[in-house]
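Colleague: Hi! I'm new to this one, could you walk me through it?
Modeller: Happy to, let's open it up.

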Amino acid sequence: MCTSFVVHLDKTYMGMNFDISSRPIKIVLVGENQLQVQQKENGQFYLAFGLNDKGTFMNLLMVEPNEEGKYRRGKNCVHIMKLFDDVLSERIALPQLSEYLENNTIVNVPNHSVHSLIAGKRESYIVEPGRQKLDLNSVNQDFMVLTNFPVTDESRAEYKEASGPGNDRYIKVHEMIANHIGPFNIEVGFKWLMDTVQHDGDYPTQFSMIFISEECKVYFTLNADFEKVFEFSFNTKQIQSVKGFANHNTWALSNKGLLLSELVKTL
């Protein structure tokens, strides 16, 4: 149960709260140009979301399943994990994504139901297997928000009428972005994420991030502690502590990944 958004202003800012039960989570460098966050379940690590050095972001959030979105094989059927790989590896460039989605049917992988916010420097999409797709033109605004209900089912409704899992977080973020006046910065983005953090229940917030496409930098916090901020840069391939720490630390990132528990030790 997560909250995510993209805002297209002077730069493109993506934000996300990764809300999930306590478990091993790691940050992995894939190749030289892709960052993934993976979570462990039943002894295996699975993708949660990722981004690349071209400024593209894609997540995989739980959503209510539907019959049309269930996994199946067929002509022009593409499961969403392949779409994830093709988008972040740039086999599908964002300017071509709209046409690709028109010509292919996106389905889930077996026994899962997710939907995705796909965001880049000048364009963004919401893709929901078995449902519709949305882009910036169809929503007629410079931002998009995604939580855990099928937003395309309610795309014609007033945002305050949204219903389903995560609707309260959706409404809150939508309202904060729409009513924001003044320049946007990392602190503003983290404030929005702070206001939608989940502390209790089955899905506490484990990881919160702001990704700035044009800078190829990710700023993130752990366990809803927004006083302490880490940064990952694609230029250095390193994570560093940048705010709220008594000592400055750096960690080189590789394809083996780095467990969040290693970073938590510095909090």
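Modeller: One definition before we start: two strands pair if DSSP finds at least two bridges between them. Helices (H or I, at least four residues) and strands (E, at least two) are DSSP runs, numbered from the N terminus. This is a predicted model, where local features need pLDDT of at least 70 and side-chain atom pairs count only at pLDDT 80 or more, while totals for chains, interfaces and linings use all residues. Residues are numbered from 1 along each chain as its sequence is written, and side-chain values use heavy atoms, with hydrogens and water left out.

Colleague: Great. How many bridges are there between strand 14 and strand 15?
Modeller: Six, and the two strands pair in the antiparallel sense. Strand 14 covers residues 205-212, and strand 15 covers residues 217-222. Across that pairing, Phe 207 has Leu 222 as its bridge partner in strand 15.

Colleague: And what about the hairpin there, how many residues sit between the strands?
Modeller: Four, and Cys 216 in that hairpin takes a positive phi near 55°.

Colleague: What does strand 15 do with strand 16?
Modeller: They run antiparallel, joined by four bridges, with strand 16 spanning residues 229-233. Phe 220 stands opposite Phe 230 of strand 16. These two strands also form a hairpin, this one with six residues between them, and Asn 223 in the turn has a positive phi of about 55°.

Colleague: Is strand 15 mostly covered or uncovered?
Modeller: Mostly covered: five of its six residues are buried. Buried means under 20% relative accessible area, exposed over 50%, and partly exposed in between, with a 1.4 Å probe and protein chains only.

Colleague: Switching topic: how many salt bridges does the count come to?
Modeller: The count comes to 12, where a salt bridge is a side-chain nitrogen of Lys or Arg within 4 Å of a carboxyl oxygen of Asp or Glu.

Colleague: Which residue does Arg 91 meet in a salt bridge?
Modeller: Asp 86, at 2.9 Å from N to O. Asp 86 counts as buried at 5% relative accessibility, whereas Arg 91 counts as exposed at 54%.

Colleague: Where do Glu 102 and Lys 133 lie?
Modeller: Glu 102 is in helix 2 (residues 94-103) and Lys 133 is in strand 12 (residues 133-135), so their pair ties together parts that are 31 residues apart in sequence. Their salt bridge is 3.7 Å, N to O.

Colleague: And which residues do shared partners join into one network?
Modeller: Lys 82, Asp 85, Asp 86 and Arg 91, through their salt bridges.
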